[in-house]
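Hi everyone, thanks for coming.

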Amino acid sequence: LTTSAEALSLAKQHLNTQADDLITNLKHRRNLTAPIHRLPQEIFRMVLENFAAGLPVDDKDGLLQLLQVGRLWYWAIVNSPRLWTRLDSALPPTIARLVIERSKGLPILSFAWNSLDAFSADAEAPEEILKMAIQNSARFKSMNFQILPYNPFEIRLLLESKTSALEILTVEVGKDCGVAGGGFRKFALSEGAPLKYLDLSDVSLNFDSPRLSGLITLSLCRAAVPTSLATLLQVLSVTQRLEQLAIAEKRRIGEHVNPGRQITLGHLRELKIEDIANDYCAALLSSIFTPICSRVHVSDSPWAIDPLDPLLWHPGSTQTAALLGLNGQSHTQTRRIAITVECQVVRIRVFEHEGGSPRFFSFKRRRPSHLFGLLPHFFGAAPFCPPIDLEIGSAMDPIDAFDLTGWSTTLGSLQLRDENTCLRALQQLAQRTAVSDSTETGASATQVEDWMCPNLRWIMLHIPESDLQRDSHVAALLALVRRRWSGTAGGPAPANQLGEFYIFCTNLSYQKLRDVEVDVQK
């Protein structure tokens, strides 16, 4: 009986195996009836290659998962070298070798190294991945490094190895372990084709390389920003195809900054300068001419004692006019400019079309009134200036010399929350001033008399709460309404009516404003 039972068990296993093989074969034949399986192998590989091209750069498992779909997919992937063109430090060395072998000498489209992968618990000999990368570096089209400041692996060997086909390079050194970038020395690029994209953060590069001449995008952050402005300008002078420039977080320079000779960046379309020492920022902006740049974001830091504002905002500055879109070469015409002056900051936003992102400028100053005093002269001399919306905030340094005269021809709206400037503006708006006749041009244009800021269409005022200041502001406001808009027999014609006039005040101040309300209703 025992022998018979064993024989039956073996027979059952054999039948089960045959049944499994039959089911697998039937499933395979059923899958073959799917439309995709009726495609020629060449077409199927093209489909897979297009799919793989759309995968995110950090997708490490997409290709490996496709290998498990079925035999047809497996052999199509294995026999398609174009699908094996991504190398990553997170891959096991055995898989990395397969990538190198199955790519059949084709360019490696991307190599990514992340130090966190190298230090992870399941990392398998990251030195082997690095060694394979150095041996095949001449095939890399793109390299992306995320490195710890005191990385034990000699990444510089790979960065300085032969990378003749390299077009895209990103190197980011983290801020851990003390001083950012402290353990990473300056590196130099080997000879090869010009780079198209360069993004460096907290790592220094020897910029004396002909491979930078073809750059389309350049991004430098912290230690990557050259301390010498002359070095940066030298790089920009040879990048005739540059379309995007970003510079960030260079607060202390440690040396006097001088502007260089003007460099024209004729293809630059996007400029981003963020948290850069104000003297370095002003010297840089005054040294580059960007005739068609339309996406601009500038934000400096108030480190230098002399921020070099006269360099940037002197009347007739073609560089600054181009950055603001006032040079007449922008694809869209500037619609309006909004200027906000608050505590230790002057912000300028330039709007070209509704719903779009404005050109943005933020200048941090210990005393913003010095910069603010330069602006009306610059905008008054610009070839073209749209209506300006001016807002003076509270808690800012006193603008003792606040004067609307320079803004008279350009101001479209006025919002005042500072008590001193509010009273001065109320007094000036009640006055008439000499302006050039709008029907004449040139230095010989006839001077005619008109109301201060004749194009003003919108006003917002904040009346102070204290009795003495409130009474003086209410009196000035009443005089303004009666003189500017009421009109008297034999007197000058009243100014154009405002579209909107807002007054913010307390209940007690409102009682004082009853006379103003009566005059407004008249």
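**Charged pairs and a helix crossing**

Let me start inside: Arg-359 and Glu-352 are both buried. Their side chains meet in a salt bridge, at 2.9 Å from N to O. Keep in mind that this is a predicted model.

How many salt bridges does the structure hold? There are 16. As a reminder, side chains of opposite charge can pair when their charged atoms come close.

Glu-270 and Arg-295 form a salt bridge of 3.4 Å, N to O. Glu-270 lies in strand E9, Arg-295 lies in strand E11, and the two are 25 residues apart. Buried or partly exposed, what is Glu-270? With a relative accessible area of 27%, Glu-270 is partly exposed. Arg-295, at 46%, is partly exposed too.

Glu-167 and Lys-196 also meet in a salt bridge, this one at 3.9 Å. Here the partners sit in loops, 29 residues apart: Glu-167 between helix H8 and strand E4, Lys-196 between E4 and strand E5.

Some salt bridges join up, too: Glu-342, Arg-347, Glu-391 and Arg-417 are linked in a network.

Let's finish with two helices. H2, residues 41-53, packs against H4, residues 71-78, at an angle of about 80°, and their axes are 10 Å apart. That angle makes H2 roughly perpendicular to H4. On the H2 side, the contact is made by Gln-41, Phe-44, Arg-45 and Leu-48, and H4 brings Leu-72, Trp-73, Ala-76 and Ile-77. Sorted by class, that contact has six nonpolar residues, one polar and one charged.

Technical notes. Residues numbered from 1 in each chain as written. Predicted model: local features only at pLDDT ≥ 70, side-chain atom pairs only at ≥ 80, totals over all residues. Heavy atoms only, no water. Axes fitted to C-alpha atoms, helices over the stretch in contact; angles between N-to-C directions. Helix = DSSP H or I, 4+ residues; strand = E, 2+ residues; numbered from the N terminus. Parallel < 35°, antiparallel > 145°, perpendicular 65-115°, else oblique. Contact = heavy atoms within 4.5 Å. Nonpolar A, V, L, I, M, F, W, Y, C, P; charged D, E, K, R; others polar. Salt bridge = Lys/Arg side-chain N within 4 Å of Asp/Glu carboxyl O. Buried < 20%, exposed > 50% of the residue type's maximum accessible area, 1.4 Å probe, protein only.
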